[in-house]
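Me: I'm new to this one. Please pick a single part, take a close look at it with me, and then carry on from there.

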Amino acid sequence: MFRKVTAFAFILVLVMISSASAGRFDFAVIQPGQPGTTVEAQPVMDELAVYLSAKLGEKVQGVYYNDLTKALDYLDKNKPAWSICGLTFFKSYSAKFPMTPVASTLPQGMKKDVWRLIVPASGPDSYEGVTGKVYGSMLYTPQSLEILLAGKKGGNFSPEGTRKALRMLRKVNKGRIAGVVLDAVQYSVIKDSDRYSGTKVIYTSPELPNSPVVWFGEPTDDAFRLQSVLLDMSKDPAANNLLKLLQTSGFNPADKDLK
């Protein structure tokens, strides 16, 4: 009997150790408004997980959500260790899901983001005069308007999230909708095109932090281990293709302006 109890206790300890160590670096990339689907993005998540598993010496798994409702449902039921998330998501939900920035992304090598409000060429010259719905890949929460306008009063339009910001820009060009907000990467795609001669930029936000890498809860030694690996990725030839898939030139330390 004693042997059986001892054996059972030993197995229980092994299970507990395994459970405690499992998922130490599991992640969720949460980018509401970005293209694609969770299923389509999973191969990229798997590639990132394989890379991190090798660097950290731990099994890593990751998921991707660009649907806000599904992302919130996932976080209500699961406890990933960290995330690459959109700025609006961080600002809107860092109280509900305590998040501490540990690194920042560098899309196209840019250290900062800028959002631009674009309206029909015949439209108002100031954001105060815009009415109706304005679409943007970052405009999924009420806080997005405060971020865009840097806390300024005014803005009589309603923000509306979309995963098709450039398609919405075509509607702005034809005068069918009030406006669209593009981030720096999106704007770089169209800024030199004459296809949007029927539009104009009437407002440019202050410089904003790019999507942060956040650790859920207070940073631990594991958080700084992860940070070290991410900051070194731009120097690692083996990470070149992975960084392209993640649409970042690498990672910087956490943005000091991110609060």
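Reply: Glutamine 247 is exposed, at 60% relative accessible area (exposed means over 50%, buried under 20%, and partly exposed in between, with a 1.4 Å probe and protein chains only). This is a predicted model, where local features need pLDDT of at least 70 and side-chain atom pairs count only at pLDDT 80 or more, while totals for chains, interfaces and linings use all residues. Residues are numbered from 1 along each chain as its sequence is written, and side-chain values use heavy atoms, with hydrogens and water left out.

Back to our spot. Glutamine 247 sits in the loop between helix 9 (240–245) and strand 13 (251–253). Helices (H or I, at least four residues) and strands (E, at least two) are DSSP runs, numbered from the N terminus. Glutamine 247 isn't a glycine, yet its phi is positive, about 60 degrees. Most residues other than glycine have a negative phi. Alanine 150 is another non-glycine with a positive phi, about 55 degrees. You'll find alanine 150 in the loop between helix 5 (143–148) and strand 8 (156–161), and it counts as partly exposed because its relative accessibility is 44%.

Aspartate 26 lies in the loop between helix 1 (2–21) and strand 1 (27–30). Aspartate 26 is buried but makes no salt bridge (that would take a side-chain nitrogen of Lys or Arg within 4 Å of a carboxyl oxygen of Asp or Glu). The nearest side chain of opposite charge belongs to lysine 59, 8.1 Å away; Lys and Arg count as positive here, Asp and Glu as negative, with His and the chain ends not counted. What the side chain of aspartate 26 does have is a polar atom 2.9 Å from the backbone nitrogen of glutamine 61. Leaving out neighbours within four places in sequence, aspartate 26 is in contact (heavy atoms within 4.5 Å) with residues including Val60, Pro80 and Trp82.

Leucine 75, which is in helix 3, touches Ile30, Pro80, Phe89, Phe97 and Phe216, not counting residues up to four places away in sequence. Leucine 75 is buried, at 2% relative accessible area. In helix 3 (residues 68–77), Leu68, Ala71, Leu72, Tyr74 and Leu75 are buried. They cover an arc of only 160 degrees around the axis, so they're on the same side of helix 3 (the arc is taken from the directions from the helix axis to the C-beta atoms). On the other side of helix 3, Thr69, Lys70 and Lys77 are exposed. The cover over the buried residues of helix 3 includes strand 1, strand 2 (62–65), helix 4 (87–93) and strand 12 (212–216).

One last stop: strand 6 (residues 116–120) is mostly covered, with four of its five residues buried. Strand 6 runs antiparallel to strand 9 (residues 179–182), joined by three bridges, and isoleucine 118 has valine 180 of strand 9 as its bridge partner. Strand 6 also runs antiparallel to strand 10 (residues 199–204), joined by five bridges, and there leucine 117 stands opposite tyrosine 203. For strands to pair, DSSP has to find at least two bridges between them.

Terms used
Polar contact = N/O pair within 3.5 Å; in protein donor to acceptor, adjacent residues only side chain to side chain.
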